[in-house]
Amino acid sequence: MERVFINIIDNALYALNEKFQKNRATFIPELQVELLPGKTLCRLSVRDNGTGIPQNHLPNVCDEFYTTKPPGEGTGLGLWIAKQNVEKNRGSFRILSKENEFTQITIELPSAPRTVEVSL
């Protein structure tokens, strides 16, 4: 799961930097990470206000070797690895994005059962 979080945050930072390079005078980069633990489900949401993902790319961004980055800057494995790992752990992986506005990735995983050991 560590690789999942690294890949998602790396993509968010890339998008923030790309937008910052074009709008240095007016753009304030924002990265929000929210963790909502629950009894049966744990939700993690990562949202950035970077370049966003064009709508025509959204259906494919989690495909193996598919990248929206220029040649030499992406392998097309980051989101594929993230989604595969989340689903392998019985979770869900969703992407919501609007080009030039934001990208939000939400991961939901089953909460680990909590056990309490009592020594007498």
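**Notes on a predicted model**

I began just after α2, where I found Arg90 with a positive phi of about 60 degrees. A reminder to myself before going on: this is a predicted model.

In the hairpin of β3 and β4, Asn100 takes a positive phi near 65 degrees. Three residues lie between the two strands there.

From the hairpin I moved on to the sheet. What is the order of the strands in the open sheet? I read β1-β2-β4-β3, four strands with antiparallel pairing. At the edges I have β1 (31-37) and β3 (92-98), each pairing on one side only. On average, neighbouring strands are turned by 10 degrees against each other, direction ignored.

I then went through the pairings of β4. I noted eight bridges joining β2 to β4, which run antiparallel. Val46 has Ile105 in β4 as its bridge partner, and Arg43 stands opposite Glu108 in β4. On the β3 side, seven bridges join β3 to β4, again antiparallel, and Ser97 stands opposite Thr103 in β4.

How many of the nine residues of β4 are buried? My entry says eight, so β4 is largely enclosed by the rest of the structure.

Helices next. I see α1 lying across β1, β2, β3 and β4, and running at about 20 degrees to β2. For α2, I wrote down that the helix lies across β3 and β4, at about 140 degrees to β3.

Which residues of α2 are buried? I listed Leu79, Ala82 and Val86. Seen down the helix axis, these buried residues of α2 fall within an arc of 60 degrees, so they line one face of the helix. I also checked what covers them, and the cover includes α1, β3 and β4.

Last, the core. The largest nonpolar core has 14 residues. Among those with the most contacts inside this core I picked out Val4, Ile8, Leu79, Val86, Phe93, Ile105 and Ile107. The elements giving two or more residues to the core are α1 (2-22), β2 (41-48), α2 (78-88) and β4 (102-110).

Leaving aside residues up to four places away in sequence, Ile107 touches Val4, Phe5, Ile8, Cys42, Arg43, Leu44, Val86, Ser92 and Phe93. Val4, Ile8, Val86 and Phe93 from that list were already in my notes on the core.

Note on methods
Residues numbered from 1 in each chain as written. Predicted model: local features only at pLDDT ≥ 70, side-chain atom pairs only at ≥ 80, totals over all residues. Heavy atoms only, no water. Core = buried A, V, L, I, M, F, W, Y, C linked by side-chain atoms within 4.5 Å. Buried < 20%, exposed > 50% of the residue type's maximum accessible area, 1.4 Å probe, protein only. Contact = heavy atoms within 4.5 Å. Pairing = 2+ DSSP bridges. Axes fitted to C-alpha atoms, helices over the stretch in contact; angles between N-to-C directions. Arc of directions from axis to C-beta.
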